[in-house]
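Reader: I am new to reading protein models. Could we go through one together, feature by feature?

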Amino acid sequence: VTQYKKNRKLLSGAYFIRSFVSFAVISLTLGVAVSGSGPYLRLLMSRTKSASLLSVLRLLESLAKRLAAEKILKMMRSGLARLAWVGLVISGVIWVLEPEPIESWCESSVFRKDKKNNGFKQQGDELLELEAAFNKMVEV
């Protein structure tokens with residue numbers, strides 16, 4: 001959102017895509033984990049006495065059976081492999097598009113273009129950030 005407000009729409013879009021890919025990877029990982037949990041769920045169902053817990057376990061066990069089907073499991077695994085590469089590429093795009101430390105400092109300094117944005121509160125803070133920005137530039 002901040003990058004979009006700073007008129008960096010491409011960088012903002014890259015962050016959005018990376019968050020979507022991360023959510024998809026988490027969902028697929030959860031699906032793969034649940035698909036392999038069928039035997040454990042059946043063991044829990046045989047040992048539980050609670051009716052409500054038993055119904056939840058039955059529901060999870062039927063979901064695990066469906067997810068453990070060969071086609072679905074292959075699809076989830078191949079999706080995970082592809083999404084890992086997409087996430088890596090998007091992270092590289094973000095790294096390339098991310099503003100330099102000096103550019104970030106300029107956006108908050110007394111020399112900023114948009115005076116409506118809040119700058120540094122004190123002159124000392126501004127100098128410390130400038131020094132940090134120079135140090136980051138030299139480290140690379």
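Reader: Let's start with contacts. Which residues does Met76 touch, leaving out those up to four places away in sequence?

Author: Contact means heavy atoms within 4.5 Å. By that rule, Met76 touches Leu28, Gly31, Val32, Ser35 and Leu67. Met76 itself is found in helix H5. Helices here are DSSP runs (H or I, at least four residues), numbered from the N terminus, and strands are runs of E with at least two. One caution: this is a predicted model, where local features need pLDDT of at least 70, side-chain atom pairs count only at pLDDT 80 or more, and totals for chains, interfaces and linings use all residues. Residues are numbered from 1 along each chain as its sequence is written, and side-chain values use heavy atoms, with hydrogens and water left out.

Reader: Is Met76 buried or exposed?

Author: Buried means under 20% relative accessible area, exposed means over 50%, and partly exposed lies in between (1.4 Å probe, protein chains only). Met76 has 5% relative accessibility, so it counts as buried. Also look at Ser27: its C-alpha atom is 9.5 Å from that of Met76, though the two are 49 residues apart along the chain.

Reader: How do I check the length of a helix such as H4?

Author: The expected span is 1.5 Å times one less than the number of residues. Helix H4 (residues 51-67) has 17 residues and should span 24 Å. Its end C-alpha atoms are 24 Å apart, which agrees.

Reader: Which residues of H4 are buried?

Author: They are Leu54, Leu57, Glu61, Ala64 and Leu67. These cover an arc of only 145 degrees around the axis, which puts them on the same side of H4. The arc is that of the directions from the helix axis to the C-beta atoms. Their cover includes helix H2 (9-35), helix H3 (38-47) and H5. The face turned away from the buried side carries the exposed residues Ala51, Ser52, Arg58, Leu59 and Arg66.

Reader: How many salt bridges are there?

Author: A salt bridge is a side-chain nitrogen of Lys or Arg within 4 Å of a carboxyl oxygen of Asp or Glu. The count comes to two. One joins the side chains of Arg42 and Glu61, at 2.7 Å from N to O. Arg42 lies in helix H3 and Glu61 in helix H4, so the pair ties together parts 19 residues apart in sequence. Arg42 is partly exposed, at 40% relative accessible area, whereas Glu61 is buried at 9%.

Reader: Which residue forms a salt bridge with Lys74?

Author: Glu70 does, with the closest N and O atoms 3.2 Å apart.

Reader: Which residues make the nonpolar surface patch?

Author: Patches use residues with over 30% relative accessible area and no salt bridge; like charges are joined within 9 Å, nonpolar side chains (Val, Leu, Ile, Met, Phe, Trp, Tyr) within 5 Å. Accessible areas come from the Shrake-Rupley method with a 1.4 Å probe; for residues, only the protein chains shown count as cover. Here Leu10, Val89, Val93, Trp95, Val96 and Leu97 make a patch of about 640 Å². Helix H5 (residues 70-97) gives the most, with five residues. Val89 sits in H5 and is exposed, at 53% relative accessible area.

Reader: Where is Asn118?

Author: Asn118 is in the loop between helix H6 (101-108) and helix H7 (123-139). Asn118 is exposed, with 71% relative accessible area.
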